[in-house]
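Hello,

Here is the structure I promised to pass on. Please open it first, then read my notes below.

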Amino acid sequence: MFADYTTTELLSIFAMQGFAGLILFSVFVLMALGLAIIFGQMGVINMAHGEFMILGAYITYITSNLFSEYMPGLFSMYFFIAMIIAFFATAALGALVEWSLIRHLYKRPLDTLLATWGLSLILQQIYRTVFGAREVGVTLPDWLMGSIPLTDMIDIPINGLFVMGLTVLISVSIYLLMFRSRWGSQVRAVVQNRPMASAVGINTEKTDRVTFALGCGIAGVAGSAFTMVGSTGPTAGQLYIVDTFLVVVFGGAQSLLGTIASAFTISQSQSTMEFFLSGSMAKVLTLLFVVGILMIRPQGLFAMKIRR
Amino acid sequence: MQTSTHSHRTERRSRGGLLHKLSLASASALLFSSVSFAAPATEEVNTTGLAVTDDTVKVGILHSTTGTMAISETGSVQAEKLAIAQINAMGGVLGRKIEYIQEDGASDWPTFAEKSRKLLVNDKVAAVFGCWTSASRKAVLPVFEQYNGMLYYPTFYEGLEQSPNVIYTGQEATQQILSGIDWVVKEKGAKSFFLLGSDYIWPRTSNKIARKHIEKLGLKVVGEEYYPLGHTQFNSVINKIKLKKPDVIYAIVVGGSNVAFYKQLKAAGIDMTKEKPVLLTISVTEDEILGIGGDNIDGAYAAMKYFQSLDNPNNKEFVAAFKEMWGDDIVIGDVTQAAYLGPWLWKAAVEKAGSFDIDKIKAASPGIELTTAPEGYVRIHENHHLWSKTRIGHAQKDGQYEVVYETEELMEPDPFPEGYQ
């Protein structure tokens with residue numbers, strides 16, 4: 001298998017493959033963090049997660065058009081502003097959805113699956129009506145495209161670096177928010193025991209709403225970032241939803257650390273296998289591997305120890 | 001109904017006999033058409049109870065306007081409506097205005113079958129223009145053969161099919177592939193190829209044909225890879241391409257994956273505007289470039305029969321009419337143009353047969369010519385596909401292709417290519 005290549009070629013391929021795996025890892029973490037908060041912490045099976053991401057992507061599209069129309073001088077910086085707007089807009093939509101739909105279903109978590117699936121269909125059709133059925137092209141500032149050539153063989157994609165940086169930033173913020181802030185301990189208290197948390201004076205309704213909105217907001221930022229690597233169309237969200245649930249369930253639904261560990265495992269094994277086998281086969285083997293592990297550990301890689 | 005079904009089965013079993021009968025019938029139809037008059041009586045031109053009145057005829061348009069395929073099929077719907085409007089403005093078909101009934105296949109193959117049954121049985125339409133994916137065509141095919149309807153199918157596809165009830169107005173695989181590879185070998189001196197595609201029947205069949213052809217030419221395929229539909233991470237395969245250093249990347253990626261593939265290719269430092277590698281695709285039309293972005297695919301080559309930039313009077317007129325009807329910022333891809341041919345080919349067949357009867361149209365169709373097609377001259381082959389030229393387009397930053405080559409002769413459609421399966 002390796003006989004045809006020189007040592008330098010092999011080394012650079014391993015370096016590039018490692019980097020490809022890291023990019024995939026960042027993409028997975030970014031996709032899954034929002035869902036890990038909503039599904040893992042709140043128990044809501046949010047099938048509309050992909051559509052929240054695509055809302056973020058569409059907002060990036062609108063922002064880029066506005067900037068090139070009215071402020072062409074600032075175009076190279078629009079991406080940051082787009083991500084901030086994407087966060088708040090999707091978070092606002094999330095809060096609205098929580099208020100109108102989700103809060104009535106906390107006692108029937110399985111029904112959230114149907115309700116949010118319906119929501120995803122409604123959102124898709126809204127996107128189709130507003131933005132058209134065709135995919136839209138998001139123009140990126142020049143500095144985000146292209147690559148940094150290290151050697152003849154190795155090129156580091158800039159947008160890959162950007163996604164990685166963003167992932168680290170968001171993961172650290174979530175960690176601080178969930179485990180180092182007063183609000184985070186309230187969220188964790190509500191997740192563990194809703195009546196008891198309410199009894200000690202935590203406003204569970206408000207906590208729920210903000211948690212759901214936060215999860216959606218992160219999805220929006222992820223969608224905004226993915227305009228760099230993927231497509232933006234009414235149904236593009238469907239491309240991400242399976243992988244997202246896979247990562248969250250495999251990691252152990254209630255553990256954020258588990259989500260990151262599982263994203264790492266899945267992305268590395270998938271990108272390695274993609275290189276040595278074909279793409280479809282790699283996907284099959286990855287899924288088999290995940291199913292195998294889940295048969296042995298149904299609770300996922302990391303499970304919270306709680307008394308039932 | 002029973003007898004008609006039966007007769008189709010026998011027809012399909014003995015294709016040689018059928019072709020013989022067809023050519024006889026088309027010859028006799030030719031004689032009839034020369035003596036037919038404008039607006040003949042309805043009972044003469046419609047003996048099988050189709051929805052034809054003294055001044056109207058109903059046809060069906062069957063595409064997905066909702067669901068994931070709506071992205072691709074919208075252009076076809078627009079083209080068919082434009083053709084129908086233009087035909088009506090010219091006085092219609094046999095003196096009858098065309099009225100269309102539009103149904104939504106909703107990107108769901110059983111829905112396509114259901115709606116086509118509705119169009120044929122309840123609405124009794126004289127022809128249906130529709131379907132896009134091979135899966136939807138396969139789903140409606142038994143319905144069209146059972147109830148004896150006529151389908152005009154616009155998409156370039158993998159071949160391996162031929163039905164008396166379908167006219168295939170797009171190219172089948174060999175027409176698109178062989179001349180494209182010949183061109184890249186001759187003009188770019190290509191010696192090694194990397195084949196890449198989405199994982200379903202069209203890319204796999206097409207790459208099989210491509211591989212056979214490349215190997216026949218004595219050249220090398222250094223890799224062949226497939227990725228699931230909707231796959232969005234291509235970094236690993238791009239690394240593999242960099243390692244194998246092929247002269248040509250032969251890409252048949254479709255849908256949302258396309259956008260991801262070309263963006264990541266560019267981000268990984270593969271510059272398609274350079275001499276090598278050459279990227280040759282048969283799946284990216286101007287429609288897809290809208291989503292990919294002209295910057296990201298600048299320099300790639302595509303092999304298909306139509307590009308919006310084709311420089312001929314027919315096409316200029318077509319593009320102008322299309323923009324007038326559907327807006328200035330619209331783009332027109334290969335399939336959109338093929339869909340536009342459907343109503344015109346049907347009109348020509350009806351006029352040649354002097355009748356709306358399906359069996360007479362079937363018989364009259366082979367040999368029908370269209371000199372007004374935006375792509376230039378086309379003719380229906382006896383196997384119900386079109387003779388057409390294949391062109392090579394060079395992708396530009398503005399999202400259009402510049403035509404750099406076209407085959408001198410019309411390519412013969414060969415849906416069952418011997419030695420390529």
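This is a predicted model: local features need pLDDT of at least 70, side-chain atom pairs count only at pLDDT 80 or more; totals for chains, interfaces and linings use all residues.

The contact first. It takes 42 residues from chain A and 35 residues from chain B. Several elements of chain A supply at least two residues each to the side that touches chain B, including helix 4 (109-131), helix 5 (158-179) and helix 10 (256-276). Helix 1 of chain A gives the largest share, eight residues. By type, that side of chain A divides into 19 nonpolar, 16 polar and seven charged residues.

Next, the core. The largest nonpolar core holds 198 residues. Its members that touch the most other members are A:Phe28, A:Ala32, B:Tyr250 and B:Leu345. Helix 1 of chain A again supplies the largest share, here 20 residues. Domain 1 (2-170 + 315-387) and domain 2 (173-304 + 390-406) of chain B both give residues to this core, so it lies between them. Leaving out residues up to four places away in sequence, A:Phe28 touches A:Asp243, A:Val247, A:Ala263, A:Ile266 and A:Ser267.

Last, helix 6 of chain B, residues 134-146. Its 13 residues should span 18 Å at 1.5 Å a residue; the end C-alpha atoms are 19 Å apart, which agrees. The helix bends by about 35° at B:Val140. A proline, B:Pro142, follows within four residues. Buried residues of helix 6 include B:Arg137, B:Val140, B:Phe144 and B:Glu145. After helix 6 comes B:Asn148, with a positive phi near 50°.

Best wishes

Definitions and conventions
Residues are numbered from 1 along each chain as its sequence is written. Chains are lettered from A and ligands numbered from 1 in the order in which they are written. Two residues are in contact if their C-beta atoms, placed from the backbone, lie within 7 Å. Ala, Val, Leu, Ile, Met, Phe, Trp, Tyr, Cys and Pro count as nonpolar, Asp, Glu, Lys and Arg as charged, and the others, Gly among them, as polar. A nonpolar core is a set of buried Ala, Val, Leu, Ile, Met, Phe, Trp, Tyr and Cys residues joined through C-beta atoms within 7 Å. A residue is buried if 20 or more other C-beta atoms lie within 10 Å of its own, exposed if 12 or fewer, and partly exposed in between; C-beta atoms are placed from the backbone. Domain bounds come from an automatic or database domain assignment. The expected span of a helix is 1.5 Å times one less than its number of residues. The bend at a residue is the angle between axes fitted to the seven residues ending there and the seven starting there.
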